[in-house]
Amino acid sequence: MADRHTGMVEKRGAGLWLTHAGLILGVLFIFFPIWLAFVASTVTQPEIVHPPMPLLPGDQFLENYRKALVSGINAPVARMLANSAVMAIGIAVGKIVISILSAFAIVYFRFPGRKLFFWLIFVTLMLPVEVRIVPTYEVAARFDMLNSYHGLILPLIASATATFLFRQFFMTVPDELAEAARVDGARPMRFFIDILLPMSRTNMAALFVILFIYGWNQYLWPLLITTDPEMNTIVMGIKQMFPSGDDIADWPVIMATSILAMIPPVIVVISMQKLFIRGLVDSEK
Amino acid sequence: MATLTLENVQKSFGDTKVIHGVDIDVADGEFIVIVGPSGCGKSTLLRMVAGLEGVSGGEIRIGGKRVNEQEPMDRDIAMVFQNYALYPHMSVAENMGYGLKIAKTPKAEIAARVQEAATLLQLTPYLKRKPRELSGGQRQRVAMGRAIVRRPSVFLFDEPLSNLDAKLRVQMRLEIKQLQRKLGVTALYVTHDQVEAMTLADRMIVMNAGVADQIGAPLDVYADPATAFVAGFIGSPPTNFLPAARFGGAEGEMLGIRPEHLTLGAAGAGRIDGRAVSIEPLGAETLVHLRLEDGTAVTVRQEGTAELPAEGAEAGLSWATGEEMRFDDAGRRLR
């Protein structure tokens, strides 16, 4: 039993220390800009613009964050965070619901044009939002979806990637499972809800993380479709905070906003990570 | 509990006919085994009874009622799959009770019936576990439990033991047989293993290329095979086939003789000579493999205590004429 501890990745002595030193250095390197942003969000405007830039947090933390959250520059950051959350969750949940249902249809039902529909969905992978943005804007405008949540969410909701992913997963589920459910008396939607959905739990969690961040980081589309500052999302809102003309940029507030914008994706990643890892450890098939 | 009737049941996939009309009347409580090599259509036939495959021709009746157009759930059947097909995210109890839950059976009754089946199958300590925490044999029991709790008219088994190791297979074979006897439910069981077929069946259907070559009680089929295929498939080691022309038969006809009906003697003393190429002593019995002049392989099974020829030596083969079976050039038995 004792031999088991001398695994392939086991390092001893100097090798162990070097590995750790390398990792710590890497972490510091990656973390430094974020630290600078955090420091900048806790000091006063004059302290930032006077070189050298401070490297330790100042005493303006509460003041700057309160200002950002409550009043912001164009719109309160709290409002923008809420908008972003609605958009990101709407896109993530919507994409998962639509793609899991279309994958279910494509894998488990024989209907005319099944292959054609699959390839049609697949082809949309080749058209990113930016390519189809003008016609999409035109459609959204005519449906009166400017400055609205559904305008932010709906045009981004169809997902070929997620459909493809669920299709691949469903194809690994043994046919006998569907047949056993049929013998047990489960009609298709019952099978979908009772058997397929619980089995896809970990896939959905992984997709939710990816899609939430995708939605949260949307920049171009919210910029086009929202003109009312009350509907701004936080990622585009940060850009909107830069002054036009001769105004002075309120750097501490902008930096506080940046830090706030980072927190929700981090929370989503960390909380979903548990489900993620559980899914990897006990494979259910 | 019910009778099961297949009447000229046929199946085609496109233009390819895979089942060419099978007829059988299964009595209430009878255990029927469908046996045949892979690709003979035995699983397809079972799946047609289950309702998982459509019926291209003929009629299937369960309890006298035509079920061709019915969904599996309405046929009053339960099926045990080769890979068990347990729902991985449900506990053993949930797996067994799922069919009842869908049928909107009251919770208390589901619990009682699951408990009853679990006791019968010695699964009580595992009811709360997930399938992945069980061994192969236990999973197999859960799959049977799932079939039992629904109290169906007919049990369908699709090679249920082929994923188990040899020892467990023998044990589960016995359990399935006892269980079926105790519950008295009509059963249709598919296997490619002729030993399983012989030991389990009240009657067996030997399938060959989509045709039921013979239907009968295991020992009757063994003693009196209807075709050369059945003679060769049922029994181990298989029946020896010799060209009948050498023994006064017509050209193209074959002579089938079971290994245990052959006896070895001195070269030239028997009806035909052969060279012993290998000898397998199994203790109680010994298998002697010989090669005839024309290259035909012949196996002789004799008592473990009988005298053995030396490897490579010539020996004479003899048999009683009453034991030989004659088959025409299409493999049909000549009587």
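How many of the residues of helix 1 (residues 42-50) of chain B are buried? In this predicted model, 8 of the 9 residues of helix 1 of chain B are buried, and the helix is mostly covered, where buried stands for under 20% relative accessible area, exposed for over 50%, and partly exposed for values in between (1.4 Å probe, protein chains only). Helices (H or I, at least four residues) and strands (E, at least two) are DSSP runs, numbered from the N terminus. The buried residues of helix 1 of chain B are B:Lys42, B:Thr44, B:Leu45, B:Leu46, B:Arg47, B:Met48, B:Val49 and B:Ala50, and just after this helix B:Gly51 takes a positive phi of about 95°.

Since the model is predicted, local features need pLDDT of at least 70 and side-chain atom pairs count only at pLDDT 80 or more, while totals for chains, interfaces and linings use all residues. Residues are numbered from 1 along each chain as its sequence is written, chains are lettered from A and ligands numbered from 1 in the order in which they are written, and side-chain values use heavy atoms, with hydrogens and water left out.

Between the two chains, 21 residues of chain A are in contact with 24 residues of chain B, contact being defined as heavy atoms within 4.5 Å. The area buried between chain A and chain B is about 2,100 Å², and carbon and sulfur atoms give 58% of it; buried area is the accessible area (1.4 Å probe) that two parts lose on being put together, summed over both. In chain A, the residues that lose the most area to chain B are A:Arg182, A:Val183 and A:Asp184, which together account for 33% of what that side buries.

The count of salt bridges between chain A and chain B is 2, a salt bridge being a side-chain nitrogen of Lys or Arg within 4 Å of a carboxyl oxygen of Asp or Glu. A:Arg182 forms a salt bridge with B:Glu71, with the closest N and O atoms 3.7 Å apart. Across the interface of chain A and chain B, 9 residue pairs are in polar contact (both at pLDDT 80 or more); a polar contact is a pair of N or O atoms within 3.5 Å, where within protein one must be able to donate a hydrogen and the other to accept it, and residues adjacent in sequence count only if both atoms are side-chain atoms. Two or more residues on the side of chain A that touches chain B come from each of helix 9 (175-184) and helix 10 (188-199) of chain A, and helix 9 of chain A gives the most, with 8 residues.

Within chain B, strand 4 (residues 57-62) is mostly covered, with 5 of its 6 residues buried. Strand 4 of chain B runs antiparallel to strand 1 (residues 4-13) of chain B, to which 5 bridges join it, and two strands pair if DSSP finds at least two bridges between them. In this pairing B:Gln10 stands opposite B:Gly57 in strand 4 of chain B. Strand 4 of chain B is also joined by 2 bridges to strand 5 (residues 65-66) of chain B, again antiparallel, and B:Arg61 has B:Arg66 in strand 5 of chain B as its bridge partner. These two strands, strand 4 and strand 5 of chain B, form a hairpin with 2 residues between them, and B:Gly63 in the turn has a positive phi of about 60°.
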